[in-house]
Amino acid sequence: MAAGGGSPSIVEFFGGEDGYRCGYCRSDTGNLSHGMWAHSMTVQDYQDLIDRGWRRSGKYVYKPIMNQTCCPQYTIRCRALRFQASKSHKKVLKKMLKFLSKGEVSKAASEEEPMDSHIEDVATCDFPYKSESQVTQSELTPLAVDQAERVENEDKDSGETKEEGNVQKVESDSVQICTDKDTPVPAEPSHSAKAAHAPPKPGKGADLSKPLCRKAKDIRKERKLQKLLQNQMGTAEGSQLQGDQAFLLQNSKSKTNQPKNIEDFVSVPLPDDARHKLEVRLVPVSFEDPQFKSSFNQSATLFAKYQMSVHKDTPSDCGENEFTRFLCDSPLEAEHPPNGPECGYGSFHQQYWLDGKIIAVGVIDILPYCVSSVYLYYDPDFSFLSLGVYSALREIAFTRQLYAQAPDLCFYYMGFYIHSCPKMRYKGQYRPSDLLCPETYTWRPIEQCLPLLEHSKYSRLTQDGKAVDEGGLKELGRVKVLLKRTVMPYSVYKKRRKGPSDEASVQQYASLVGQSCSERMLLFRS
């Protein structure tokens, strides 16, 4: 496990929510999800949850009911180390460079994506806000560990459950460490998508099932470079340098006519007489942090301006309280393990300062295996810079930067891919990318998923019919419960509980979060 926290995650599970308004197809009651309130959460637990289809909005963590919701939302991740900027991506990067160095403003139509805030999963929906339950801090603070151990011993003495061992370190089956190749996930058999992908309908954009066009000259050059690399590294050393690492090394070597990567654009030094200065600051989301505290008012004002201009919110919809609840409140506990990135893990605001003024803020979570994009808001006066696209590219570059400090951290999570909503398909253009199967919670290359999603908006993306959810619930009695400040396994809680049984609710919770998380997180019960 790449990161480990001190205090455990504490959550309240709400079960399946009634249908609410969908921000994509405008159905009044078609958007369905499960939800829970996270009083606190370790970064490892949240990493494992998003690898099972969960996402957070503030401290509210939700999971779409995929086979019932009107617009199924598939978790999407980009393999950041292998990312290659497209021609349109490079246009945006060049446009920013011209603006900074010469003050040039493009007269052409904006290259912005259909929904420029690249993570709109919550903001575009009339999401049911769950206010924090009236639970006192004392109720949420577990007693000393030795008392929790005595409760477990009580369960052992009863002879009704197996001996409870230490919680093992979790390596989520749904997380592929960054030695991934461009081949399907090893746990699943390779298959060719025989169903022909229908040509895109007018207005629906490029055919994402087809690889990006490449010149034969570039392909030949890449093959030649690979051979040279193998010869230089030697057999022994070269065998250790595989997959994404070799790809990064190859692309880091400066060669004539070699295609530029993101870093070549964002790291280029500006001339002394540059018209503008852009600085990107990473600020922890904490009112104890001086930078976050001093920039809060400016950041909140920018959020309100963005929401009212782009999403047509009223002033009461985007005041400081709403801003704090939505983008500043986070259940994630900051962690700084010795083998982690210098900035640590947790929730951050990546602020874009232009000439001493904030023009955009990317809200991100830095987790053991990924940078997870939460939201972006920006100054509409600078929409000509395509800040949605630009910030996504900067976040991919940032992921690659963190990888140098923490080798497990090599993915960029973009939230949800919604194939049934054409304006949300652009996320599939950040390649190579994978979608999460909603039944087995394993990753599939997006090219293999698109024919299935063309046929049916909800689809089991894993083609192996015998494959199952390996991380699913196996033993309900081992689920951890927090009752009256005491931690206990569900098998003990079940005996102590007074009133009607809540076994169905606990079982639903554990099946959704998975066995590993259910044994680490504390399910609050009153």
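**Stop 1: the end of a helix**

Start by selecting Gly514: it sits just after α13 and takes a positive phi of about 95 degrees. Keep in mind throughout that you're looking at a predicted model.

Now step back into the helix itself. α13 covers residues 503–513. Which of its residues are buried? Select Val506, Tyr509, Ala510, Leu512 and Val513, and you have them. Look down the axis of α13 and these buried residues fall within an arc of 165 degrees, so they line one face of the helix.

What does α13 lie across? Color β1 (10–16), β2 (33–40), β4 (60–64) and β15 to find out: the helix lies across these strands, running at about 105 degrees to β1.

**Stop 2: the open sheet**

Those strands belong to an open sheet of 7 strands, so let's trace the order: β3-β4-β2-β1-β15-β13-β14, with mixed pairing. Which strands stand at the edges? Select 55–57 for β3 and 486–489 for β14: each has a single partner strand, so one side of each is left without a neighbour in the sheet. From one strand to the next, the twist averages 35 degrees.

Zoom in on β15, residues 522–525. Leu522 and Phe524 point one way from this strand, Leu523 and Arg525 point the other way, and all are buried. In a regular strand, the side chains alternate between the two faces of the sheet.

β13 (residues 480–483) pairs with β15 in the parallel sense over 3 bridges, and Val481 is the residue opposite Leu523. β1 also runs parallel to β15, paired over 2 bridges, and here Val11 stands opposite Leu523.

**Stop 3: the loop between β1 and β2**

Follow the chain into the loop between β1 and β2 and pick out Tyr24. Buried or exposed? Tyr24 has 8% relative accessibility, so it counts as buried.

Arg26 has 45% relative accessibility, so it counts as partly exposed.

**Stop 4: another positive phi**

Jump to Ser386, in the loop between β9 (370–378) and α10 (387–403). Ser386 has a positive phi too, near 50 degrees. How accessible is Ser386? At 0% relative accessibility, it counts as buried.

**Stop 5: a cis bond and a hairpin**

Next, select Arg431 and Pro432 and check the peptide bond between them: it is cis, with omega near 0 degrees. Pro432 lies in the loop between β10 and β11.

Move on to strand β11, residues 433–436. Ser433 and Leu435 point one way, Asp434 and Leu436 point the other, and all are buried. In β12, Arg444 is the residue opposite Leu435.

Between β11 and β12, the hairpin has 6 residues, and Tyr441 takes a positive phi near 55 degrees.

**Stop 6: helix α11**

Select residues 446–455 for α11. Its buried residues include Ile446, Cys449, Leu450 and Leu453. What covers the buried residues of α11? The cover includes β5, β10 (411–417), β11 and β12.

**Last stop: zoom out**

Show the whole chain again. You've visited some of its 14 helices and 15 strands. Of its 526 residues, 53% are buried. Among contacts with a separation of 6 or more, 73% come from residues 24 or more positions apart.

Technical notes. Residues are numbered from 1 along each chain as its sequence is written. This is a predicted model: local features need pLDDT of at least 70, side-chain atom pairs count only at pLDDT 80 or more; totals for chains, interfaces and linings use all residues. Side-chain values use heavy atoms; hydrogens and water are left out. Buried means under 20% relative accessible area, exposed over 50%, partly exposed in between (1.4 Å probe, protein chains only). Helices (H or I, at least four residues) and strands (E, at least two) are DSSP runs, numbered from the N terminus. Two strands pair if DSSP finds at least two bridges between them. Contact means heavy atoms within 4.5 Å. Axes are lines fitted to C-alpha atoms, for helices over the stretch in contact, and angles run from 0 to 180 degrees between N-to-C directions. The arc is that of the directions from the helix axis to the C-beta atoms.
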